Amino acid sequence: MKNAIITTGRKCQDVSIDIARHFAAKLNIPFIKRRNTSIAELIKTQNVKYVLIAKKFSLRLATLDEEIFFHPSLSHLRIKNIIQGKGDRLIEAMNLKAGMSVLDCTLGLGSDSIVESFGVGAEGSVTALEVNPYLAAVVEYGLQNFIDDNSNVVEAMRRVKVINTDYFDFLADAADNSFDVVYFDPMFRYPLERSSSLNSLRSVADHRAVTIEAINQACRVARYCVVLKENSKSLEFDRLGFKIIRGGKYSPIHYGVIELIN
């Protein structure tokens with residue numbers, strides 16, 4: 001069974017074919033002409049788990065159950081709130097300042113990475129890791145090509161550097177104190193039912209729990225702090241050694257923080 005193929009929309013254009021051929025070569029997967037075939041039929045006849053769909057200035061990831069695409073989502077509103085002086089819980093938990101460097105170990109759909117990028121500004125950097133190569137391709141392409149009328153959002157998106165890798169391998173190879181902040185946003189052990197924007201992500205996401213070994217490596221790599229995002233009722237904070245918990249009293253999401261002195 002092949003893991004994935006790439007195709008185009010039914011009404012494909014030359015630009016869609018160019019995008020499809022580019023990612024077919026980059027990901028080493030077959031390019032299959034769409035014609036009038038449904039995605040479900042392609043999955044069945046090609047015997048694959050994933051189908052990447054190249055459209056004009058868009059790349060999507062489909063399974064039998066879901067179709068995943070990039071969108072800045074709540075990062076748009078969050079950046080607007082920051083500009084208006086309302087703050088952002090993640091930025092506050094990380095204590096981000098202009099010029100800082102962030103290692104985001106769990107890119108997902110990229111919303112947090114965009115906010116982090118805005119927080120550190122053009123002088124800073126955000127390196128975001130994603131273990132699923134197809135999801136990484138979809139989000140990286142979106143970050144570099146999505147068009148938005150808010151220049152602050154666009155500039156923040158364009159600055160995010162995406163790397164397709166396992167975060168534990170990356171951390172193990174990284175030098176001591178090589179990033180200011182290391183961040184984890186794993187799939188919650190106990191999902192928030194109303195988090196509909198993440199429901200589609202569950203079929204392609206990395207569901208492994210963060211290990212103590214990974215946190216230890218993160219503490220070696222980070223200069224100032226390691227931050228973990230979790231359900232406010234999660235037991236992961238205790239299990240992984242996070243003593244500082246930040247977040248709103250009634251918020252369903254909290255941030256665990258390990259402060260470092262380096």
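I began with R220, which counts as partly exposed at 24% relative accessibility; the scale I used calls a residue buried under 20% relative accessible area, exposed over 50%, and partly exposed in between, with a 1.4 Å probe and protein chains only. The model is a predicted one, where local features need pLDDT of at least 70, side-chain atom pairs count only at pLDDT 80 or more, and totals for chains, interfaces and linings use all residues. Residues are numbered from 1 along each chain as its sequence is written, and side-chain values use heavy atoms, with hydrogens and water left out.

**Entry 1: salt bridges**

I searched the whole structure for salt bridges and got 11, taking a side-chain nitrogen of Lys or Arg within 4 Å of a carboxyl oxygen of Asp or Glu.

I looked up the partner of R220 and found D176, with the two side chains in a salt bridge at 2.7 Å, N to O. The pair links distant parts of the chain, 44 residues apart: D176 is in the loop between α8 (167–173) and β8 (179–184), and R220 is in helix α10 (residues 212–221). Helices (H or I, at least four residues) and strands (E, at least two) are DSSP runs numbered from the N terminus. I noted D176 as exposed because its relative accessible area is 52%.

I then took D112 and R78, whose side chains meet in a salt bridge at 2.7 Å, N to O. This pair also joins distant parts of the chain, with D112 in helix α5 (residues 111–120) and R78 in helix α3, 34 residues apart. I found both D112 and R78 buried.

I put R223 down as partly exposed because its relative accessibility is 29%. D180 has a relative accessible area of 8% and is therefore buried. I also found one network, in which salt bridges that share partners join R78, D88, D112, D185 and K229.

**Entry 2: helix α6**

I looked at helix α6, residues 133–145, which has 13 residues. From its first C-alpha to its last, α6 reaches 18 Å, close to the 18 Å expected at 1.5 Å a residue; the expected span is 1.5 Å times one less than the number of residues. What caps the N-terminal end of α6? I found N132 there, with a side-chain oxygen 2.9 Å from the backbone nitrogen of Y134. I listed the buried residues of α6 as Y134, L135, A136, A137, V138, V139, Y141, G142 and L143.

**Entry 3: second largest pocket**

I recorded a volume of about 160 Å³ for the second largest pocket. A pocket here is an open set of points on a 1 Å grid where a 1.4 Å probe fits, with protein on both sides within 12 Å along at least five of seven lines, and lining residues have an atom within 4 Å of a point. The volume is the space filled by probe spheres set on the points.

I read off the lining as F57, S58, L59, R60, F69, F70, V138, Y141, G142, N145, F146 and I147. The elements that give two or more residues to this lining are β3 (58–62) and α6. I noted that α6 gives the most, with 4 residues. By class, I have 8 nonpolar, 3 polar and 1 charged residues in the lining; Gly counts as polar, Tyr as nonpolar and Arg as charged.

**Entry 4: positive phi**

I checked N47, which is not a glycine and has a positive phi near 55 degrees. N47 lies in the loop between α2 (39–46) and β2 (50–55), and I class N47 as partly exposed because its relative accessibility is 41%. S73, also not a glycine, has a positive phi of about 55 degrees. I located S73 in the loop between β4 (67–69) and α3 (75–83). With a relative accessible area of 34%, S73 is partly exposed.

**Entry 5: two distances**

I placed E230 in strand β9 and logged E230 as buried because its relative accessibility is 1%. E230 and R246 are 16 residues apart in sequence and 11 Å apart in space, C-alpha to C-alpha.

I found L107 in the loop between β5 (101–104) and α5. L107 has a relative accessible area of 5% and is therefore buried. Between L107 and D176, 69 residues apart along the chain, I have 22 Å from C-alpha to C-alpha.

Technical notes:
Polar contact = N/O pair within 3.5 Å; in protein donor to acceptor, adjacent residues only side chain to side chain.
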